[in-house]
Each structure stands twice: as C-alpha cells, then as structure tokens.
Amino acid sequence: MSWVGEKFEVEVGSVAHGGHFVARHEGRVLFVRHALPGERVIASVYEDNGGSFCRADAVEVLQPSPDRVEPPCPFSGPGMCGGCDFQHVSWDAQRELKAQVVREQLARLGKIERDVVVEALPGGPLEWRTRIRMAVDSEGRPGFRGTRSHEVIPVDHCVISRPGMVEAVADRTWRAQELTIVQDGDGNRHVGEVRGRHTVRRAGSGTAVETAAHRKWRISADGFWQVHPAAADTFATVVGEWIAAEPGQRAWDLYGGAGLFASVLARQVGETGSVLVVESFAGAVEDGRRNLRRMSQVEWVVDKVERAVTRKLPVEDPHVVVLDPPRKGAGKVVVAEVARRRPERVVYVACDPAALARDLAEFTVQGYRLEDLRAFDAFPMTHHVECIALLVPETR
C-alpha cells in the first residue's frame with residue numbers, strides 16, 4: 001500500500017546525500033526534506049515507489065533544532081520551489097551538514113576516513129548566483145520547478161540570485177520553454193529564450209565577460225562557468241598550488257571546458273611544455289581557443305574523455321593531470337587510464353561527493369592515495385558542495 005499523502009510523526013536522524021534527512025517509520029526509511037537532525041516533525045509523504053524507502057516533507061515542526069532559522073525566501077518550503085534545500089538552516093550549520101555528507105561518502109564509498117571542513121566563499125549565503133535557468137508555465141510565467149516535479153512555481157525574485165536577474169523576466173509572459181539569465185563579471189545581463197534545441201537571445205550580447213586566474217574571459221553566455229562569482233578564481237588558485245607543474249612538463253586537463261585550469265597549467269609549464277585539453281562540448285573548446293590563442297603550448301581535443309583517453313591521447317605520459325568531470329564522476333575507465341600513465345600528481349575537482357568517493361576508491365586500487373582535500377560552499381542554501389582532491393602515487 002502506498003504511503004503517498006500519509007502523515008507520520010517521526011524523529012529526524014542524520015543528513016543524507018541529496019539535501020534530505022533520514023527518519024524511520026514502521027521499518028521503512030523516510031527521506032525528509034525541510035527537517036534537521038534531532039527534530040520531531042510531522043512528515044507528509046509525497047513519493048512512494050514501494051521498497052524500503054519513500055520521500056516526505058516536514059510539514060510541521062514539533063521540536064525544532066537550534067540550527068533552524070526562518071527561511072529568507074517566501075517560495076521555500078514543502079510544495080514550493082525545489083531549488084534550495086537548506087533555506088531553513090543557519091549558514092554555519094549548512095556547511096557542517098555538507099561536511100558530514102562528504103565525510104560519510106568518503107568513508108562509505110571510498111573507504112577513506114578523513115576530517116572535512118567546508119570553507120565559505122566570500123559574499124555570504126544570499127545574492128551569489130550569477131547563472132540561472134527558469135522554466136515557463138502554461139500561462140507563460142517564469143519560475144522554478146518543485147522538488148522532483150515538473151510543476152512550475154512562478155516567482156518574482158530569487159534570494160540566492162544576483163539582484164534584478166529574476167525581476168528582469170518576471171514582469172512579462174513568455175512563449176519559450178525555458179529562460180536563461182546570466183549576469184557576468186562586468187555586470188552585463190544576458191537573457192535567452194530556450195525553444196527546443198535553440199536559444200533565442202533577448203537581452204545582452206550573448207558573450208559573458210568573467211575574470212579568473214589573472215585574466216579576462218569572454219565566453220558564451222550559455223556555456224559553462226561557475227555560478228558563484230568567487231568560485232572560478234578560488235578553484236584555479238587551489239589547482240595551481242597543488243598541481244605545481246614545472247617548466248617543460250606535460251599536463252593534461254580532462255573535461256577542460258573553456259580552459260580555466262589549462263590557463264594555469266600553461267603558465268606553469270611555459271612555452272617549452274605542453275597542455276592537452278579534452279572537452280566534449282565544441283562550443284566550450286571554441287571559447288577556450290579564442291581566450292588562450294596566445295598560449296601555443298595548449299592543444300585541444302574535442303571528444304568524450306572516456307573515448308579520448310583510450311584512443312586518441314599522445315604516447316608520452318603526462319607529468320600532471322587535472323580532472324574536472326561532470327556530476328557522475330570520471331568513472332573506472334578514465335581513472336584506470338590516468339593512473340596507468342603514472343602522473344606525479346592528479347588534482348580532481350568534484351561537484352558530487354559520492355562520485356568523488358567512488359573515483360577515489362578506484363584510484364586507490366590503481367596505486368594512488370589521497371594526499372589532501374578541500375571542500376567549498378560554492379552553492380549556499382543548497383545541498384551541493386564542491387571538493388578538490390590531490391592524489392599522488394603510493395610509495396612502494
């Protein structure tokens with residue numbers, strides 16, 4: 001019998017990966033959103049596919065946690081916008097919850113016991129997001145989808161986005177399926193209408209200007225760039241410190257995007273070295289080639305990394321490797337091929353702690369160990385956390 005629509009009084013346990021918390025009722029696990037560890041809540045089940053667990057919202061708090069705060073966003077809460085998981089949590093507690101998740105994933109999936117501290121980025125927990133994608137409902141109103149839902153919740157502002165971004169599109173109706181809104185590092189706003197596979201530009205030049213790694217970047221407004229204004233430069237700094245390539249060395253930048261980390265590597269290896277960038281999205285490579293056109297030591301390969309590492313990459317082994325895979329991680333094939341080349345250092349940039357832990361476990365099998373790890377709160381008010389790991393060969 002399905003529990004959808006049922007309400008249960010439960011005691012909330014630990015945080016789980018994905019922005020919810022663990023509770024139990026009649027032998028089943030409830031993954032509860034809008035709760036906190038130690039609270040007693042009334043949980044309303046909204047999804048039950050059978051099996052050992054279901055999903056629920058905390059619709060009433062009977063015994064609140066001291067870490068609970070009033071959500072700053074009026075669109076946050078059960079049945080509302082699904083974009084933020086932790087609006088009801090103090091900012092310090094948000095980072096500790098994320099640290100707990102990273103620690104748990106490393107221990108459970110990577111068999112690595114390690115303390116983790118999630119570092120704040122400058123600027124605070126609100127008004128940081130510079131790139132958003134909004135859905136459009138049947139009446140043409142822009143908004144965000146609910147949790148695990150296709151329903152569009154119309155909004156007229158967003159507390160985690162840069163001021164004016166949502167307001168710029170909320171005062172009219174749209175015929176598009178989705179809208180993209182970007183506010184770049186120079187303060188320019190770019191609005192696009194997504195219709196099928198095409199984006200029609202409605203405001204701005206479509207070329208975003210960003211600053212990171214000691215240079216200006218001109219990239220497609222619809223291309224990938226970190227959404228937190230301090231993230232790209234922070235990550236580039238950490239990667240540069242840990243990769244520590246020397247002049248004349250060979251470097252690989254896998255899942256290289258528009259070349260943020262490649263620019264750091266290129267400065268380190270100099271004109272006598274080489275940097276090989278592999279990126280599957282041709283638009284990002286086009287942006288990268290244009291921005292790094294004066295760095296002749298950078299070579300670009302447009303291909304999936306999984307295919308490129310087994311078929312297309314040079315015979316010469318790299319001295320250092322940077323990995324910045326998508327949320328699913330690099331996977332066994334890529335990890336095994338990188339490890340087979342025996343680089344002196346591998347720096348892994350991860351947006352999902354579970355994928356990172358799985359890949360670290362595979363690196364361990366391949367003879368590498370985790371030398372250092374830093375975690376950053378690049379997505380305040382959400383469950384997402386960015387990690388950077390340094391891997392080195394095990395000494396025999």
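What are the helix and strand percentages over residues 1-60, and how far apart are the end C-alpha atoms? That stretch is 0% helix and 58% strand, with 24 Å between the end C-alpha atoms. Keep in mind that this is a predicted model: local features need pLDDT of at least 70, side-chain atom pairs count only at pLDDT 80 or more, and totals for chains, interfaces and linings use all residues. Residues are numbered from 1 along each chain as its sequence is written, and side-chain values use heavy atoms, with hydrogens and water left out.

**Annotated regions**

- Residues 1-60 carry the UniProt feature "domain: TRAM", which comes from an unreviewed entry.
- The UniProt annotation "binding site", also from an unreviewed entry, covers Q226, Y255, E279 and D324.
- A caveat on both: UniProt positions are given in the numbering used here, feature names are shortened, and annotations may be inferred rather than shown by experiment.

- Q226 lies in the loop between β15 (215-220) and α3 (231-243); helices (H or I, at least four residues) and strands (E, at least two) are DSSP runs, numbered from the N terminus.
- Q226 is buried, with a relative accessible area of 10%; buried means under 20% relative accessible area, exposed over 50%, and partly exposed in between (1.4 Å probe, protein chains only).
- Not counting residues up to four places away in sequence, Q226 touches T130, A231, A232, F235, F379 and E386, where contact means heavy atoms within 4.5 Å.
- Y255 sits in the loop between β16 (250-254) and α4 (260-269).
- Y255 counts as buried too, at 12% relative accessibility.
- Leaving aside neighbours within four places in sequence, the contacts of Y255 include V278, V305, E306, L323, P325, P326, G329, A330 and V334.

**Helix α4**

- α4 is mostly covered, with nine of its ten residues buried.
- The buried residues of α4 are L260, F261, A262, S263, V264, L265, A266, Q268 and V269.
- Just after α4, G270 takes a positive phi of about 70 degrees.

**The six-stranded sheet**

- Six strands form an open sheet in the order β10-β9-β8-β11-β12-β13, with antiparallel pairing; two strands pair if DSSP finds at least two bridges between them.
- Its edge strands are β10 (152-154) and β13, each pairing on one side only.
- Direction ignored, neighbouring strands of this sheet are turned by 40 degrees against each other on average (axes are lines fitted to C-alpha atoms, for helices over the stretch in contact, and angles run from 0 to 180 degrees between N-to-C directions).
- Strand β9 (residues 142-145) and β10 pair in the antiparallel sense over three bridges, and F144 has I153 in β10 as its bridge partner.
- Strand β11 (residues 178-183) runs antiparallel to β12, joined by six bridges; T180 is partnered with G192 in β12.
- The hairpin of β11 and β12 has five residues between the strands, and G187 there takes a positive phi near 85 degrees.
- Strand β12 (residues 189-195) is mostly covered: five of its seven residues are buried.
- β12 is also joined to strand β13 (residues 198-203), antiparallel, by five bridges, with E193 standing opposite V200 in β13.
- In the hairpin of β12 and β13, with two residues between the strands, G196 takes a positive phi near 65 degrees.

**Aromatic rings and charges**

- The structure holds seven aromatic pairs; rings of Phe, Tyr and Trp (its six-membered ring) pair if their centres lie within 6.5 Å, and planes under 30 degrees apart count as stacked, over 60 as edge-to-face and the rest as tilted.
- One of them is W217 with W225, a tilted pair because the planes are at 50 degrees, with centres 5.8 Å apart; W217 and W225 are both buried.
- Another is F363 with Y368, whose centres are 5.9 Å apart and whose planes are at 70 degrees, so the pair is edge-to-face.
- F363 is buried at 0% relative accessibility, and Y368 is buried with a relative accessible area of 0%.
- The charged end of R95 sits over the ring of W91, 4.7 Å from its centre; a charge sits over a ring if NZ of Lys or CZ of Arg is within 6 Å of the ring centre and within 35 degrees of the ring normal.
- R172 lies over the face of W174, at 3.8 Å from the ring centre.
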